[in-house]
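Subject: Handover of a structure and notes on what was found

Dear colleague,

I am handing over a structure for you to study, and my notes follow below it. Please keep the structure open beside the text as you read.

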Amino acid sequence: MNGAPTLSVVVCAYTVDRWDDLRAAIGSVHAQDHPADEIVLVIDHCQELYELASTSLSGVRVIPNQESKGLSGARNTGVAAARCEVVAFLDDDAAADPDWTDRMLARYDDPQVAGVGGLVRPWWGTERPAWFPPEFDWVVGCSYRGLPEQPAPVRNFIGANMSFRRAEVVSAGGFRTDLGRVGTRPLGCEETELCLRIAARRPDAVLLYEPGAAVRHHVPETRTTWAYFRSRCYAEGLSKALVARHSGSRAALASERTYLRSTIPQAFVRTVRPGRPSALRTFAALAAGVCATVAGYAVGRFHSLSSGSAPQRLPSPPDAPNTDDKAPAPFWGSPYALRAWRPVGRRD
């Protein structure tokens, strides 16, 4: 690919429990048809994992998260350390197809493309639950039924498989550290909020979904339970409420309105067709998922509005473990907020 932009791949990791998955993720980047110019592994406040990765992984730059604990801070650290024009993010429990970088970088031929996201296929640790609706694969961090099947502009990407021009992320200020996952606490939407901010800064910018740039995302058995499904839907509602607080409900919920008007009704119709296995349980999952998400949004919205200012954290979802030992630092008070506005060419 002559003329392709240079590429940094950032992988963020926080626990030795995913060591095998992490090695598979790094191995999949090394095995690309078009090798990345660098791989940056950010360790999120886990000294044991930092020491293990530093001594065991070759061809990888291993650095500690320099910001508050959590995925957003780790990603910001990776962006700050990246030396290339495009920064791609791959989850520590995902593995990229061999043509992932090729497919992704090809789309940056268009100068209006500010970011490219790709397909995330679920890689079930056990069999896919018969009741689990494909329209809710976002619950396990994967692409879901209802997304475009051909390359198309979208509002935001799925965090397990996304990339941006580094200059766009830096100019927008990076990921908010009062949003996103901390340990196993299933909050998120920091990718959505960043994409909205990039689009607001540059109305002509295109965020392109390229399903040909695909990865597989490991889904452990612990994420196939009703309890996780319900808590993750509720957490999504909470997270969307905070995004709406920052970006306005019209922009924050634009895709969700289409999802509720079109994708979900079609899912209910498919479920009640004769011969559908586990139809009753799938129907119940669809209804419960929508209700839990709406409930989370309502609670989060009430919490935001009653506080009088943007909250620094939302109430934890029910049934969800919370492993953080302190509240995430507010974005504008983080060290990265000060570094983010420096000229892109600098690497201090």
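At 23% relative accessibility, L119 counts as partly exposed, because that class lies between buried (under 20% relative accessible area) and exposed (over 50%), computed with a 1.4 Å probe on protein chains only. L119 belongs to strand β6; strands are DSSP runs of E of at least two residues, helices are runs of H or I of at least four, and both are numbered from the N terminus.

Some notes on the source are needed here. This is a predicted model, in which local features need pLDDT of at least 70 and side-chain atom pairs count only at pLDDT 80 or more, while totals for chains, interfaces and linings use all residues. Residues are numbered from 1 along each chain as its sequence is written, and side-chain values use heavy atoms, with hydrogens and water left out.

To return to L119: which residues does L119 touch, not counting residues up to four places away in sequence? They are S143, N161, Y209, E210, P211, A213, A214 and V215, where contact means heavy atoms within 4.5 Å. For Y209, the C-alpha to C-alpha distance to L119 is 7.9 Å, although the two are 90 residues apart in sequence.

The protein as a whole

The protein has 11 helices and nine strands. Of its 348 residues, 55% count as buried. Among contacts with a separation of 6 or more, 77% are between residues 24 or more positions apart.

D137 is in the loop between β6 (113-124) and β7 (152-153). Is D137 buried or exposed? Its relative accessibility is 5%, so D137 counts as buried. The side chain of D137 makes a polar contact of 2.7 Å with that of R128. A polar contact is a pair of N or O atoms within 3.5 Å; within protein, one must be able to donate a hydrogen and the other to accept it, and residues adjacent in sequence count only if both atoms are side-chain atoms. Leaving aside neighbours within four places in sequence, D137 is in contact with P122, W124, R128, F132, C142, S143 and Y144. One of these, C142, has 0% relative accessibility and therefore counts as buried. C233 also counts as buried, at 0%. The count of disulfides (pairs of cysteine sulfur atoms within 2.5 Å) comes to zero.

Aromatic rings and charges

A pair of aromatic rings is described by the distance of the centres and the angle of the planes. Rings of Phe, Tyr and Trp (its six-membered ring) pair if their centres lie within 6.5 Å; planes under 30 degrees apart count as stacked, over 60 as edge-to-face and the rest as tilted. By this rule there are 13 aromatic pairs. In one of them, F132 and F229 are edge-to-face, with 5.4 Å from centre to centre and 85° between the planes. F132 lies in the loop between β6 and β7 and F229 in helix α7 (residues 226-247), so the pair ties together parts that are 97 residues apart in sequence. F132 counts as buried at 2% relative accessibility, and F229 counts as buried at 1%. Both rings belong to one aromatic cluster, formed by W124, W131, F132, F136, W138, Y144, W226, F229 and Y259.

A charge sits over a ring if NZ of Lys or CZ of Arg is within 6 Å of the ring centre and within 35 degrees of the ring normal. The charged end of R216 sits over the ring of W123, 3.8 Å from its centre. R75 lies over the face of F175, at 5.4 Å from the ring centre.

The nonpolar cores

In soluble globular proteins, nonpolar side chains tend to be buried together. A nonpolar core is a set of buried Ala, Val, Leu, Ile, Met, Phe, Trp, Tyr and Cys residues joined through side-chain atoms within 4.5 Å. The largest such core has 53 residues, of which V9, L41, L90, W100, F136 and V139 touch the most other members. Helix α1 (residues 19-30) gives the most to this core, with five residues. Apart from it lies another core, of 24 residues, including V42, A81, L194 and L207.

With kind regards
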